[in-house]
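Welcome! Please have a look at the model first.

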Amino acid sequence: MRFAIKKRRIFVILVTVAMFCGISQFIFAGADELEAPMVTDPPVIDGTIGASEWKWAVETEVTPQTGVWDFGKTEVSYVFYVMYDANYLYVAARLTDDDIQIDSAAAGSIGGTTWKDDSIEIFVDGNHNHAASAFDAAETPFGGQHVITANNAVAFSAGVTRFGDASDDDFFAVADIKDDNHWEMEARLLLSLFDSPNQGDVVGFNISTNDDDEGGGEESALFWTGEPPNIYSNEAVWGDLTFGGPAAVSPACKLAATWGRIRRD
């Protein structure tokens, strides 16, 4: 009974916000659904999430209570943002971690053991076919796995041939450790990596963090959504990312509510 009352209260709040802001400006998503706004002023990829740069993107929180553990459990948590423009998909994350470890993959290296360190992994199923393995050769042209550690070591799918900040590079990401317990990352990925989606298209999407406490290797992997085991490779359990319309919602009227957050509350 108490849970039913709580759900009714939440519904009333959501409807009130929708009426106040305009129903077309209200964002309500399921636990495994996101909508990326289309922007015309892209963020600078420098490892610092500027409020004005990412103001149009919905902030999605992933905690030990709301996220999905592929294995292990730790205290790590993060928020992430997704948006796009005519050329790129942009993803950013702000992480809270009581023990940031970067002892396995060399700083700035490409193709090392990034999963053993504190890192963010971005997953895209560009043809949205829910393949059993994102690493099958047939899946390579449509997305895959893209990783950056807290000290800027990167790894990526075979579809990426150019990592860098040139205008035609496939993938570029920058991470920055802010203090002993926080780090941030920003990334951009060329839309052609994902079969060049347009407004209204839907792709499979997921994001996770690998958490390495005390060095030597990862203790856990916390995903936005999915069902273990092997969330990293099973596209069938990823969420959906819709390429939305032009950003036109006042940040003051933008509310993202997920069942994961309602469950946590």
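## Charged partners

The side chains of Arg162 and Asp170 come together in a salt bridge, 3.3 Å from N to O. Here a salt bridge is a side-chain nitrogen of Lys or Arg within 4 Å of a carboxyl oxygen of Asp or Glu. Before we go on, a word about the source: this is a predicted model, in which local features need pLDDT of at least 70 and side-chain atom pairs count only at pLDDT 80 or more, while totals for chains, interfaces and linings use all residues. Residues are numbered from 1 along each chain as its sequence is written, and side-chain values use heavy atoms, with hydrogens and water left out.

Arg162 also meets Asp169 in a salt bridge, at 3.9 Å from N to O. How many salt bridges does a search of the whole structure find? It finds 4. One of these pairs joins the side chains of Arg94 and Glu184, at 3.0 Å from N to O. This pair links distant parts of the chain: Arg94 sits in strand E6 (residues 88–96) and Glu184 in strand E11 (residues 182–190), 90 residues apart. Strands (E, at least two residues) and helices (H or I, at least four) are DSSP runs, numbered from the N terminus.

Buried means under 20% relative accessible area, exposed means over 50%, and partly exposed lies in between (1.4 Å probe, protein chains only).

| Residue | Relative accessible area | Class |
|---|---|---|
| Arg94 | 27% | partly exposed |
| Glu184 | 10% | buried |
| Arg162 | 34% | partly exposed |
| Asp169 | 11% | buried |
| Asp170 | 5% | buried |

## Aromatic partners

Now to the rings. The structure holds 14 aromatic pairs. Rings of Phe, Tyr and Trp (its six-membered ring) pair if their centres lie within 6.5 Å; planes under 30 degrees apart count as stacked, over 60 as edge-to-face and the rest as tilted.

Phe80 lies in strand E5 (residues 77–84), and Trp224 in the loop between strand E13 (220–223) and strand E14 (239–246), so the pair ties together parts that are 144 residues apart in sequence. Are these two residues buried or exposed? Both Phe80 and Trp224 are buried. Tyr78, Phe80, Phe205 and Trp224 form one aromatic cluster.

Another pair, Phe163 and Phe172, is tilted, with 5.9 Å from centre to centre and 45 degrees between the planes. Phe163 is partly exposed, at 27% relative accessible area, whereas Phe172 is buried, at 14%.

A ring can also have a charge over it: Arg188 lies over the face of Tyr88, at 4.8 Å from the ring centre. This arrangement requires NZ of Lys or CZ of Arg within 6 Å of the ring centre and within 35 degrees of the ring normal.

## Around Phe80

Let us return to Phe80, which has a relative accessible area of 1%. Beyond its neighbours within four places in sequence, Phe80 is in contact (heavy atoms within 4.5 Å) with residues including Leu34, Val58, Ala92, Phe205 and Trp224. Phe80 and Ala92 are 12 residues apart in sequence, and their C-alpha atoms are 5.5 Å apart in space.
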